Amino acid sequence: MSSFNDLAESVITGNFGKVKEITQEMIDKGIGPLEIINDGLIAGMNVVGVRFKAEDMFVPEVMMSAKAMAGGMELVKPLIADTDMPSVGTVVLGTVKGDLHDIGKSLVAMILESGGFKVVNLGTDIAPEGFVKAIREHKPQIVGMSALLTTTMLNMKATIELLKEEGLRDQVKVIVGGAPVSQSFADEIGADGYGSDAMVAKDLCFKLVGKAS
Amino acid sequence: MHAKIIACSTMADEIKMVLPADIELELLPYALHNTPQKLQAELQQRIDADVEHDTLLFGYGLCSYGVANLSSERHTLVIPKVHDCISLLLGAREVYDREFEQFPGTYFLSKGWIDQGAEPYGDYLRYVEKYGEENARWLIDSQYANYQRIVFIDTGVEKMESCLAYSQRVAGFIKVPHGELKGSLRLLEKMFRGEWDEEFVVTPPGRMVLQHQFL
């Protein structure tokens, strides 16, 4: 039968069909869902993250890996209660107002999920009020904002300002990322951190919740 | 003024159309903005390598992070105060802002964008070759899911008609409406004439270009 290694490898190569097939086979054999997730699906995704950072893999390939992993997760998730999924912390993620770019932020979401975070992915074009609402609802430790455009990056600042006005700024750590964003921009707008790529974002989140990655 | 313009190949045809004879043109490869830090490093290298001129003009906008933190000990650096080449091809930041306000999900095409294959159909062809038809289709659908329209900018350079027809086919390919806008090279011309008013970020020798000057 297929091994965890085969499952991880199928995630790495982005083979959607194969990931579903192996996952189902493992479920049928009675292998525990958490084992399938951790030793197969996430193990594969962690390799993807490292290769992506090293520029051995590119965005389309990572997207295919993410899709493959999601295909496996879909089969396993119904088998586990929410409370059984260990969580390092909760992160609310969104692309800022006016910006419709989704892919980079969603890759970050996936890498964070693979790292054990519960991620609430708000989507794109999220107004400052949208972030406020999500913070009240989900009580995350971390809020992550993304922007690909220089026309929209100042909405990160606007969001931080609104968090202050609403008295929420001290309850959450704010991290930012996206092509035009830099550490100095993050400092300028008063964010708590900047992730230059998805792996850095993951390490940053671990640091901000006070845990080792 | 002894000047040179350092420009992205995306605007090569437009720049050549209005470039004065006494200004030298140095073209950089397409699409360096995809890795903004690398574009920045490349531009700084070109600045440092030039010892012939006292003024460097840029056929770039902010381009993500591309011109942030550039500096020179010997040159005055002149950069159009725009987000990117789309405003440059449309002739003014305001024109771009107006379009963006109405349709944030616009994918703009011009001759240069089409020439380099930086558009959905070009991506599709590359993906098919690398990942097969089914994956390619899925990747394109995901990548361009949020785009509402394709707009072709007619800047008046050669081969406009075939570019326009191609642009319309690209819109059909990702099933969005197609629009057309008349471009304008007024910003480029203004830069070449030395009229560096509030539409430009002018950085004297020894000073640094800052990202927020463009925001």
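Two residues are in contact here if their C-beta atoms, placed from the backbone, lie within 7 Å. The model in every view is predicted.

**View 1. Contacts of Leu112(A).** Neighbours within four places in sequence are left aside. Leu112(A) is then in contact with Val91(A), Phe117(A) and Val119(A), and also with Ala201(A), Lys202(A) and Cys205(A). Leu112(A) also belongs to the largest nonpolar core, which has 112 residues. Val11(A), Leu112(A), Phe58(B) and Val67(B) touch the most other members of that core. In soluble globular proteins, nonpolar side chains tend to be buried together.

**View 2. Where chain A touches chain B.** Chain A brings 15 residues to the contact, and chain B brings 18. Helix α4 (residues 59-76) of chain A supplies the largest share of the chain A side, three residues. By class, that side holds nine nonpolar, five polar and one charged residues.

**View 3. Gly112(B) in helix α5 (residues 111-115) of chain B.** Gly112(B) counts as buried because 23 other C-beta atoms lie within 10 Å, and the cut-off is 20 or more. Beyond four places in sequence, Gly112(B) is in contact with Ser9(B), Thr10(B), Met11(B), Ala12(B) and Asp13(B). Asp84(B) is 28 residues from Gly112(B) in sequence; C-alpha to C-alpha, the two are 14 Å apart.

**View 4. The two domains of chain B.** Domain 1 covers 3-86 + 185-213, and domain 2 covers 93-182. Their centres, taken over C-alpha atoms, are separated by 25 Å. The contact involves 14 residues of domain 1 and eleven of domain 2. On the domain 1 side, helix α1 (residues 12-18) of chain B gives the most, with four residues. That side divides into eight nonpolar, three polar and three charged residues.

Methods. Residues numbered from 1 in each chain as written. Chains lettered and ligands numbered in written order. Predicted model: local features only at pLDDT ≥ 70, side-chain atom pairs only at ≥ 80, totals over all residues. Core = buried A, V, L, I, M, F, W, Y, C linked by C-beta atoms within 7 Å. Buried ≥ 20, exposed ≤ 12 C-beta atoms within 10 Å, placed from the backbone. Helix = DSSP H or I, 4+ residues; strand = E, 2+ residues; numbered from the N terminus. Nonpolar A, V, L, I, M, F, W, Y, C, P; charged D, E, K, R; others polar. Domains from an automatic or database assignment.
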